[in-house]
Amino acid sequence: MTPQELSAKTGEVIGVSEWFEVSQDRINKFAEATGDFQFIHIDEEKAKQTPFGGTIAHGFLTLSLIPVLGAQTKGARVDNVKMGVNYGGNKVRFIAPVRAGKRVRSHTKLTELVEKRPGQWQQTNEITIEIEGEDKPALIAEWIMQFFV
């Protein structure tokens, strides 16, 4: 589809990703990559004593899944994109923890699409990361990307 056709979908959910497991191994690797070794993420025995009943993913790990979930998303896409880049976020809220072993998926709602200059578009999405079998989402983020056609 063209950017103009995508723009007509403003306010709509334009894609839902596949389910993605957040394993304890992934959580441990994220702790190693970031230096965040808080016990709630990596010490399974100690974490059992918390209200969560076990280890949970780092909030920033959940946020960092946006690209992989986006790549798995089936839905509206602009044709002939030469390049896309993350531009940042306006708002991120961590609503509920993701327990180790749970699966998550993203829902992408288009909130704005603006042509910044010829062939350069800025797309703002509301990303909701759902936790399988739970009422509350893991996070809701207003996320911005730019793409070039």
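This is a predicted model: local features need pLDDT of at least 70, side-chain atom pairs count only at pLDDT 80 or more; totals for chains, interfaces and linings use all residues.
The secondary structure comes to six helices and seven strands, and if you trace the elements from the N terminus, they run in the order α-β-β-α-α-α-α-α-β-β-β-β-β. Along the principal axes, the C-alpha atoms fill a box of roughly 55 × 30 × 25 Å. Of the 149 residues, 37% count as buried, and among contacts between residues at least 6 apart in sequence, 69% join residues at least 24 apart.

Next, switch to a surface view, where the accessible surface comes to about 8300 Å², with 49% of that area belonging to carbon and sulfur atoms. If you colour by charge, the 18 positive and 19 negative charges have mean positions that are 2 Å apart.

Select E18 and K74, which form one of them, with their closest N and O atoms 2.9 Å apart. This pair links distant parts of the chain, since E18 sits in the loop between β1 (13-16) and β2 (20-21) while K74 belongs to strand β3 (residues 74-75), 56 residues apart. E18 is partly exposed, with a relative accessible area of 38%, whereas K74 counts as exposed at 56% relative accessibility.

Move on to helix α2 (residues 24-34), which holds both K29 and D25, four residues apart, or about one turn of the helix. These two residues form a salt bridge whose closest N and O atoms are 3.1 Å apart, and D25 counts as partly exposed at 45% relative accessibility.

A further stop is E45 with K48, a salt bridge in which the closest N and O atoms are 3.2 Å apart. Here E45 counts as exposed, at 53% relative accessibility, and K48 is partly exposed, with a relative accessible area of 47%. Then select R99, K102 and E134 together, as salt bridges that share partners join these residues into one network.

Finally, centre the view on Q122, in strand β6 (residues 120-131). Is Q122 buried or exposed? With a relative accessible area of 13%, Q122 is buried, because that value falls under the 20% cut-off. The side chain of Q122 makes a polar contact with the side chain of Q146, at 2.7 Å. Leaving aside neighbours within four places in sequence, the residues in contact with Q122 are Y87, E112, L113, V114, K116, I144, M145 and Q146.

How values were computed:
Residues are numbered from 1 along each chain as its sequence is written. Side-chain values use heavy atoms; hydrogens and water are left out. Helices (H or I, at least four residues) and strands (E, at least two) are DSSP runs, numbered from the N terminus. Buried means under 20% relative accessible area, exposed over 50%, partly exposed in between (1.4 Å probe, protein chains only). A polar contact is a pair of N or O atoms within 3.5 Å; within protein, one must be able to donate a hydrogen and the other to accept it, and residues adjacent in sequence count only if both atoms are side-chain atoms. Contact means heavy atoms within 4.5 Å. Accessible areas come from the Shrake-Rupley method with a 1.4 Å probe; for residues, only the protein chains shown count as cover. Lys and Arg count as positive and Asp and Glu as negative; His and the chain ends are not counted. The place of a charge is taken as NZ of Lys, CZ of Arg, CG of Asp or CD of Glu. A salt bridge is a side-chain nitrogen of Lys or Arg within 4 Å of a carboxyl oxygen of Asp or Glu.
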